[in-house]
Amino acid sequence: CSASLIDVIHSVLSGTDGAVVSYGPPRLGKTSLMIGRDNGSPDSLGIVPTSISWLFRLIEHQRQKTKSHFAVSVSALELNSLIDQVHDLLLDHRVGPWPPLGPQ
């Protein structure tokens, strides 16, 4: 099933789990597309930080309108099947009770 990013965000706002997946051969820029480039420019933000920003804006709007409460959990993993490696792309930004994934 395929949906646009805004459809995924609205589904999450309604209480459904959502996922955005980028798939393909190595070295095509999937991680940069999803996470962005670390050059300090807002234009360099990837899909994940941009969608999280949109999601929290919509949550705040919904919270003010309905006094609802929300809990949000986000994961961003890079899977490398060639070397059987999982890399947590949010490791440097992690908050919460869960231990980090992958090698330290």
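**Figure 1. Lys67 lies in the loop between H3 and S1.** The model is predicted; local features are described at a pLDDT of at least 70, side-chain atom pairs at pLDDT 80 or more, and totals for chains, interfaces and linings use all residues. Residues are numbered from 1 along each chain as its sequence is written, and side-chain values use heavy atoms, without hydrogens and water. Helices are DSSP runs of H or I with at least four residues, strands are DSSP runs of E with at least two, and both are numbered from the N terminus. The phi of Lys67 is positive, near 60°, although Lys67 is not a glycine. Most residues other than glycine have a negative phi. Lys67 has a relative accessible area of 62% and is therefore exposed. Exposed means over 50% relative accessible area, buried means under 20%, and partly exposed is in between, for a 1.4 Å probe and protein chains only.

**Figure 2. Ser75 and Val48 are 9.4 Å apart in space, C-alpha to C-alpha.** In sequence, Ser75 and Val48 are 27 residues apart. Ser75 lies in the loop between H3 and S1. With a relative accessible area of 63%, Ser75 is exposed.

**Figure 3. Phe56, Phe70, Val72 and Val74 make a nonpolar surface patch.** The area of the patch is about 310 Å². Patches are built from residues with over 30% relative accessible area and no salt bridge; nonpolar side chains (Val, Leu, Ile, Met, Phe, Trp, Tyr) are joined within 5 Å, and like charges within 9 Å. Val74 is found in the loop between H3 and strand S1 (77–80). Val74 counts as partly exposed because its relative accessibility is 36%.

**Figure 4. Arg63 and Glu60 form a salt bridge.** Their closest N and O atoms are 2.7 Å apart. A salt bridge is a side-chain nitrogen of Lys or Arg within 4 Å of a carboxyl oxygen of Asp or Glu. By this rule, the count for the model is one. Side chains of opposite charge can pair when their charged atoms come close. Arg63 and Glu60 are three residues apart in helix H3, so about one helical turn separates them. An α-helix has 3.6 residues a turn, so residues three or four places apart point the same way. Arg63 is partly exposed, at 37% relative accessibility, and Glu60 is also partly exposed, at 31%.

Figure 5. Contact means heavy atoms within 4.5 Å. Ser51 has a relative accessible area of 11%, so it is buried.

**Figure 6. Val8, Ile9 and Leu13 are the buried residues of H1.** Seen down the axis of H1, these residues fall within an arc of 140°, so they line one face of the helix. The arc is that of the directions from the helix axis to the C-beta atoms. H3 is included in what covers the buried residues of H1. Gly15 follows H1 and has a positive phi, near 100°.

**Figure 7. Pro26 and Arg27 lie in the loop between H1 and H2.** This loop runs between helix H1 (5–13) and helix H2 (30–35). Pro26 is exposed, with a relative accessible area of 52%. The C-alpha atoms of Pro26 and Asn80 are 8.1 Å apart, while 54 residues separate the two along the chain. Arg27 is not a glycine, but its phi is positive, about 70°. Arg27 is exposed, with a relative accessible area of 82%.

**Figure 8. The protein chain has three helices and two strands.** Along the sequence, they follow the pattern α-α-α-β-β. The chain has 104 residues, of which 13% count as buried. Of the contacts with a separation of 6 or more, 28% are between residues 24 or more positions apart. The accessible surface is about 8,400 Å², and 56% of this surface belongs to carbon and sulfur atoms. Accessible areas come from the Shrake-Rupley method with a 1.4 Å probe; for residues, only the protein chains shown count as cover. The pLDDT, which is the predictor's confidence in each residue from 0 to 100, averages 80, and 86% of the residues score at least 70. Confidence is highest in H3, at a mean of 90, and lowest in S1, at 82.
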